[in-house]
Structure formats: C-alpha cells, structure tokens
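Here is a short briefing to read alongside the model. Keep the viewer open and follow the points in order.

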Amino acid sequence: GSCRKQRASPPAVAKRGGTEDITPVQIKTDDVGVVARIPMKLARASKRTLAKFVFDFIRTNPTIYDSVALYHASHGNLQTAALDATSLAAHRQLMLKQTEKDSAERLGIGPKFLVVPVDLEETSVNLFNRNTNNDKTFVQSLSLTIIPVWYWTDANDWATVADPMDIPFIEIGFLDGNEEPQLFVQDNPTVGSMFTHDKLTWKLRHIFGGNVVEFRGTTKAVVA
C-alpha cells in the first residue's frame, strides 16, 4: 500500500456560503413555492462550491507538499497526448508504475475515474463502447467511471484518478466534522433583517479546507 507517504500539512479550513432573502409581501403575492426553493438553491450552490474546490486541484495544478507542481515530469504523472485509447492506456501504466515513497516498490494501482471537460464526455463514453467488435479491447475492459466537470473551460485537458480507498489523492477537512452545510433562518421580527428591512433571510454556511496528500493517485494530460 501507499501508507508511508510524505504528508501534507493539515488542511486549513475556510468559511463558505451565501444568503438569500424574501419579503413577507413577496411571499403573499407570489407563488409560495419560491420559499421552498430557496433552501434547495442554497444547498445546490454549496455542493457546487465543494466540488469546484476539489476539481480545482486538478485544473490549476498547484504546488504541493514536496514544493513541486502536482502534475510534473518528476512525479511521473504528466502527459501531453489528447484523449484516446492509446493515451488512456499510457496513463494507466504511469499510475501502475508509481513507487511507494520509502520502499520504491511499485504500487500496482491503476485509475478508477476518468475526469474530463464536458467537451470530451462523448469521446470518453465512446472509448468504452464495443460497437461491432466481438471481444472487448483492452481499454474497453477497464470500464472507468467518467466524471464530466461542468465548469472546466479547457476542452482538451483530461485526468485520471485512483480509487481514494487505494490511494488517497486529496484530503478534505470539515470544521467540527460538519460535512453537510448548515442552514440558518433569520425570521425574528424584532431583530436583524426582519426588523430593519422586513426581509426573511436564509444563510448557508459550510466550513472546510483541503490539501493534496498523494500525487501518485492521479495523472493529467495538458494538451496543446
């Protein structure tokens, strides 16, 4: 296993969230369903924020615990070829050949996820389709889980990630263990926004942080 790896510093947490408000007049004159939709809207925004926080480690290629970029030639996890069956097989070999930090023993763990911009989702799916061939090709036998990242704007770059149970890639820490966002409502008519502006206010708060803890659990292709 990869238990003897160099550890990053503990993840520094930061507060994230937002507010939404509505007046009693709006409640009475508009569809009451808008009130029920506000907490759902805040919850969706919170999930997107957390997901972007994680996927941005792949997108931005930050300097990590060993003072080297996450994806780097010295890490053996950076390529430049566009996504196809040949390049995907090459990425799998790179990950399989990664060695444990202290023992230099090969880990022998391949990727589980293929992370792509939405522009490459169709290409990714087609890699695993059998079409008219009677037997599966090597890549078709891998059956990786495809994750299309909705906000990535580079249409060519792509990445692979190992099962986090095999090689933890990113560590996320939540304040006081609160993995779910906290939702608060300001509805007291004598204080706050209800008193000053006759506004019913919802506030969502989610406090978390994270670090890359193991570069061996991911590969990336930065395609020109």
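In this predicted model, helix H3 buries Ser 87, Leu 88, Ala 89, His 91 and Met 95. The cover over these buried residues includes strands S2, S3, S5 and S9 together with helix H4 (121-127) and helix H5 (138-142).

**Helix H3 and its setting**
- H3 takes in residues 85-96 and lies across S2, S3, S5 and strand S9 (218-221).
- Relative to S5, H3 runs at about 40°.
- The length of H3 fits expectation: at 1.5 Å a residue its twelve residues should span 16 Å, and the C-alpha atoms at its ends are 17 Å apart, which agrees.

**The five-stranded sheet**
- Five strands form an open sheet in the order S2-S9-S5-S3-S4, and their pairing is mixed.
- Strand S2 (78-79) and strand S4 (145-149) are the edges; each has a single partner strand, so one side of each lacks a neighbour in the sheet.
- Five bridges join S3 and S4, which pair in the parallel sense.
- Val 116 stands opposite Pro 148, a residue of S4.

- As a background point, nonpolar side chains in soluble globular proteins tend to be buried together.
- Here the largest nonpolar core has 20 residues, and those with the most contacts inside it are Phe 55, Ile 58, Leu 70, Val 115, Trp 152, Phe 169 and Val 212.
- Two or more residues of this core come from each of helix H2 (33-60), strand S3 (111-117), strand S5 (158-162) and strand S8 (200-212).
- H2 is the element that gives the most to this core, with four residues.
- Leaving aside residues up to four places away in sequence, Phe 55 touches Val 115, Ile 147, Val 149, Tyr 151 and Trp 152.

**The protein as a whole**
- The secondary structure of the protein comes to six helices and nine strands.
- The protein has 224 residues, and 36% of them count as buried.
- Taking contacts between residues at least 6 apart in sequence, 75% join residues at least 24 apart.
- The accessible surface comes to about 12,600 Å², and carbon and sulfur atoms account for 52% of that area.

Key. Residues numbered from 1 in each chain as written. Predicted model: local features only at pLDDT ≥ 70, side-chain atom pairs only at ≥ 80, totals over all residues. Heavy atoms only, no water. Core = buried A, V, L, I, M, F, W, Y, C linked by side-chain atoms within 4.5 Å. Buried < 20%, exposed > 50% of the residue type's maximum accessible area, 1.4 Å probe, protein only. Contact = heavy atoms within 4.5 Å. Pairing = 2+ DSSP bridges. Axes fitted to C-alpha atoms, helices over the stretch in contact; angles between N-to-C directions. Areas by Shrake-Rupley, 256 points an atom, 1.4 Å probe, with all protein chains shown as cover. Expected span 1.5 Å × (residues − 1).
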